[in-house]
Structure formats: C-alpha cells, structure tokens
Amino acid sequence: MPAEDASAQSSLCLEWKQLNYYVPAQEQSNYSFWNECKKKQELRILHDVSGHLKTGDLIAILGGSGAGKTTLLAAISQRLRGNLTGDVVLNGMAMERHQMTRISSFLPQFEINVKTFTAYEHLYFMSHFKMHRKTTQAEKRQRVSDLLLAVGLRDAAHTRIQQLSGGERKRLSLAEELITDPIFLFCDEPTTGLDSFSAYSVIKTLRHLCTRRRITKHSLSKVYGEDSFATPSDSSSASNSIDIDPLDNSHESLLQSMKELPTLSVLNNSPNGTQKKAAICSIHQPTSDIFELFTHIILMDGGRIIYQGRTEHAAKFFTDMGFLLPLNCNPADFYLKTLVDSHGKQNAGEMLRIKYEHETDGLYTGSWLLARNYSGDYMRHVQNFKKIRWIYQVYLLIIRFMTEDVRNIKDGLIGFGFFMITAVTLSLMYSGVGGLTQRTIQDVGGSIFMLSNEMIFTFSYGVTYIFPCALPIIRREVGEGTYSLSAYYVALVVSFVPVAFFKGYMFLSVIYASIYYTRGFLLFLSMGFLMSLSAIAAVGYGVFLSSLFETDKMASECAAPFDLIFLIFGGTYMNVDSVPVLKYFSLFFYSNEALMYNYWIDIDNIGESSTARQSCCSSQLPLLARSTDCPVNDEHPCVKTGLEVLQQASFRTAEYTYWLDCVSLLVVALVFHIVSFNLVKRYINRSGYY
C-alpha cells in the first residue's frame, strides 16, 4: 500500500483546458485605403481543446493536413506565440512559459542544428548551456557518452551531422532534448522523412522512455546541481556512472544488440532517469506496428478533438457509432479515412465529435483530474536551476562561429581570393598616382574613395544572409532558453572584428605597395585601422539590412535605396556642404573624410604637373620657376597644399578630425546593431519558437 501511494504521488499529470488559438487572416482588399487600415480578421485554429497526459503515456496526435496537430503540440508545450487562450497546468498548478521550457523538450519536425559539428561535439556544446553551471567537464562528457549510447549513435559519435542519415539525425535531436532530462517530450512529426525501420526505432525509443519501470539506482544529482529533482537512491549500490571504452571484436553481439535496441538504462544515472516520462507526438500516417507502440491517441479534425483515449479503446469508440474496423487494416489509416470522409453523407467526423464531447462533458470544466500535491516540490527544484553566465554564453557562441568558419574554410578562401583580386585590380588602375601633382589630386581622391567603398560594400553584402539563414536556429535555441538573444548577437558581432582587421590590412597592403608606398609605414597603419573600423561599421549596416527582411534575396534587393543615399552623402558625388546634416547619417562620409584627412593633412607642397611645367618653360615666365608655384590657367584651379584639398572638398580640417570620424564609425555601427537587435527580438517574440 505505501508503495502504491508513493507511485501515485510521483506521477505527474499535465492538463490543458479550453485552448483557443487565433491567427490574423489577410483581409481581401478592394484597393481602398481605409479598408486597408481596418483591423484584420482572425482565423480560429484551435476550438476549445482540452485534454491531459500522465507520466508513462506515449500519445499520438492524428489528423489530416490542417487539422491543427502541430499547433496543439506547440500550444500545450507553451512554444506558441500569438493570441492563445486557455490554461495549461501541472498537477493543478498553472504553468508559465519559462517553467514549461524547463521541464519539457520540443523536438521539431526538421533538424535545426549546426551541420558542421560532429554528433559528439553538438551534444557536448549543448550540454554547457543545458546543464547546471557547476557541472564539471568530466560529468558533461559522461552525460554525452551516455546519451549517444542510449540512442544508438555511439559508432557515429565523431561523424559530422551533415553526413548522418535521416534516422540518425532524428535520434541525435532526441538525444539533445534528453540532456535536460525532461519529464515531458513534445515531438512534431518525429518520423517524417524516415524509412519504416528508422521510424520504428525512434518511436520505440520514446516508448521505452515513457513506459519503463521505476528502477532504484544511484542518482547523479550533483551533475545538475542541488536544484535537481531528487530520486530514490539505493544505499546498497555504488555509483552507476558508466565509463565508455572502445569495444573490441569480442563484443560484436553487444554492438549488434545496441543497434537494434537502444540501451536506455544508462540514462538512469540522471536526476530524473528513473522517473517515467510522458511524450506526445504529432504523426502522419504511421504504420500499424508504429501505431501499436502508442499507449494513447488523439484524433483531430478542423482544430477540434474527435477522440482522446487509449489506443485499444479507439476501435470500440468507432464501432459504437457504426464504423467497423476492417480485418487486416491499419487502424490509423481507417481512423484518418473516416475523418476525411466526414463531409460525405454520413458526416462521420461531426457525429464522432458530438459523441466525444458528450462523453467528456464536465470533465475539464470543474476540478482538475489529480490532487494538487507533489508538483510544488518538483517546481521548486526546477526554479533553482542556474544556467551558465552571460559572458560564458558569449564565449561559447564565438567558439561555435569560429568552428563553423574553419570547417567551411574552402568557401572562405574562395571569397577572400576574389576580395584580393579586387585589390590587385585597383592597384593596377591607380599605379601611376604616386607623385603629388595638380593632375594626380583627383586620382588620389578617387583611389581613397574606392578603398572606402570596397570595404563597406564587401562586408555589408557579405553579412546580409546571416539572419535569414540563422533565424530557425535562433528562434529555437533562444526560445528554448538555451542562451539569451543578446549573447548570440554580441558573439556574432565580436566574431567579425578579427576578420575585419585582417581583411582591412591585407586589402590595403596590396594597394599601398603600389600607390602610397612613398608616404611611410605610419600612414599604412592609420589607414588600415580606419578601413577596419569601416568594415566593422559595414557589418552593422549589413546586419541591419539582414534583420529587416526574412530572406537574403529581399535584403540584397532592398539595399539599393540605402546605398544610393549613403553614397551621395559620402562627399565624392556631392559637396557635403550642400547637405550639412544628412551627411552625418552616411558611414561613407566618415570613412572617406578620415582617409582623405589622414592622407592630405601633412602635405605642405603639391607640385605642378609636367604639362604645366612645359607650358611655363615655353612661355619663359621667370616667376613660375619654382616647383611650388602654379601655372597660369584660369580653367583649372591650383591647389598648393593638402589643407586646400580638404577645404575644396568641404571636409573638416581640425586636429581631432581623424579620431572623431573613427568614433563616429563606431557610433554608426552601434546604432545599426541596436536597431537590428530589436528587429530580430521583435520578430522572434511575434513568430514563436517552433
């Protein structure tokens, strides 16, 4: 009797009551401005959906396309954003979104992870974010090894994710979700894209996780900190930590058995390892053997529940309404076909829904199904969980970005090669601009402006793809609380800084050796520093464009108006005095002005061109014998010093101009990043996490 009471108290029941979900419906327009300004209508996706699941249950959500399977899954797991009404409770206690993400895991339909990582690297990386901050490196490695063994990926541990099969990727995603040792698993189409054997293996793994018997073993609560959910321990047993060593040929039978049936007993060493779990899956057309693995099913049609109950009781439910299950027929196919034919003469779906609502009338409108005990103690341990600190999140994400770049080094080298070809082309075009004469003033200004343009355009367009490509990962990992969005964004920006300085100096070195080599090394250092800052500002500009749109194609196409405005205000195509305020919005202006100032401010003597000198000699004008004098030519103004060059272009000439422009570039980059961060944050909060 005490054992039964303990079992009853240890069971968890997650319930959802009268869930309704609305999405905006695009209103048909009659090309009237006021009609466009009207509030958009809303479509109702879920209609007063109620239900429950207990630990030990493996539930399948079945229904045709558009029935609301994934929406219900996301609504119960609190991964859904938007107009969602209703209650989700755990043993009578209302659950907030952050609480649900801590005690549950959501397995998406498609694998969302970094494809260049190996299976072991991916799990080890995620373990830093999902396990307690006090967990040691050895304990994390042990947990990862246990998970790989449990899901049958031990032999593929050091294989890159992009080289894994579909079934292996699904099992890797499942292993990732098991790092936190959740009580509840939500799986969206876990068998999509898999062959029958791989699909059966995935569902069978879930079945063992949900229905295994409670085993009393030593708990590794210290792996997850003091906040972990304490499980009964066996005082007579020692530690069950498993050291995984390579197996020799004498263990072939053991290896074969692990491939056929995952060794889930290794997971008993986790805090909730001996606790039965509950899993609910949306699934499309399961085979009969997969269907039999589910303990319960939920049938949906049009956002409403048609049936919820044990799998073996579904046939009687249909039979009572006159729908007999044929012999040798897959029950799942029969149920779905009956629902699809609901618009026929018999209107089966409507009849079944009315019968189900009659049988469950009042079940979810009064008190909850289980007493309000146990969950408070469980949630107290969950709330005490401590993630790694923000600065360590940034560090780990920088490591991930760097690893991706190294693994994709071939593409990076090709892009860098074309970048350097551009530098060689510019150096050849401006190779004769070395001497400072009246004729070369414009050439020097043009070469400097091209330096600025190439750095800004290369880096801005090189990052416009970032957020459209990374949004699925950001939405999922930030939504699951793996790390904060600010940590991801800061790590992304910081990872571009060394690249900006490296490419900035490499690009300048080729051109400087051909054009500006007579000016010395200090000018090279200062110009390279300014070009690197221009690249950093360009990254902010490109990320801003990337965050405006959900596709990189739209970001590239819509960048043209911004580029045109910034270029016009850059100081080359228009005198900046004509736009005294607007010029300060252009990063081209700060970059061009600083480079021009740095080059010309120390020039005290600009000689005349050879053509002008010949003209002076033929005219025998003694007053023009000195090289600092200018030819008498009213059509071409004479500029004697670098200061006059800057004044003619309406650039600032104060001593602090260079450093002021450097700081201004950083301010422009900061403004772009702040706007971009808020755009991405707003999009994620609006669209949800699944």
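Is Asn 328 buried or exposed in this structure? Asn 328 counts as exposed, because its relative accessibility is 85%. The term rests on a cut-off: buried means under 20% relative accessible area, exposed means over 50%, and partly exposed lies in between, with a 1.4 Å probe and protein chains only. The model is a predicted one, in which local features need pLDDT of at least 70 and side-chain atom pairs count only at pLDDT 80 or more, while totals for chains, interfaces and linings use all residues. Residues are numbered from 1 along each chain as its sequence is written, and side-chain values use heavy atoms, with hydrogens and water left out.

Asn 328 is found in the loop between α11 (314–320) and α12 (331–340). Such labels follow a rule: helices (H or I, at least four residues) and strands (E, at least two) are DSSP runs, numbered from the N terminus. The backbone of Asn 328 also deserves attention, for its phi is near 55 degrees, a positive value in a residue other than glycine.

A positive phi also occurs at Gln 78, where the value is about 65 degrees although the residue is not a glycine. Gln 78 lies in the loop between α3 and β4. Because its relative accessible area is 13%, Gln 78 is buried. Ser 77 has its place in the loop between α3 and β4, and at 0% relative accessibility Ser 77 counts as buried. From Ser 77 to Met 95 there are 18 residues in sequence, and the two C-alpha atoms are 9.8 Å apart in space.

Side chains of opposite charge can pair when their charged atoms come close. In a salt bridge, a side-chain nitrogen of Lys or Arg is within 4 Å of a carboxyl oxygen of Asp or Glu. The structure holds 12 salt bridges. In one of them, the side chains of Arg 79 and Glu 480 meet at 2.7 Å, N to O. This pair links distant parts of the chain, 401 residues apart: Arg 79 is in the loop between α3 (69–76) and β4 (83–90), whereas Glu 480 is in the loop between α18 (466–479) and α19. Both Arg 79 and Glu 480 are buried.

Another salt bridge joins the side chains of Arg 400 and Glu 477, at 3.2 Å from N to O. Arg 400 lies in helix α15 and Glu 477 in helix α18, so the pair ties together parts that are 77 residues apart in sequence. Arg 400 and Glu 477 are both buried.

A further salt bridge is formed by the side chains of Asp 661 and Arg 652 (2.8 Å, N to O). Salt bridges that share partners join Glu 593, Arg 652 and Asp 661 into one network.

The next topic is how helices pack. Two packed helices are described by the angle between their axes and the distance between the axes. Here, axes are lines fitted to C-alpha atoms, for helices over the stretch in contact, and angles run from 0 to 180 degrees between N-to-C directions. The axes of α15 and α19 are 8 Å apart, and the two helices pack at an angle of about 50 degrees. That angle makes α15 oblique to α19. Angles under 35 degrees count as roughly parallel, over 145 as roughly antiparallel, 65 to 115 as roughly perpendicular and the rest as oblique.

A second pair is formed by helix α7 (residues 166–177) and helix α8 (residues 196–211), whose axes come within 9 Å and cross at roughly 15 degrees. The helices α7 and α8 are therefore roughly parallel to each other.

Trp 390 lies in helix α15 and is partly exposed, with a relative accessible area of 38%.
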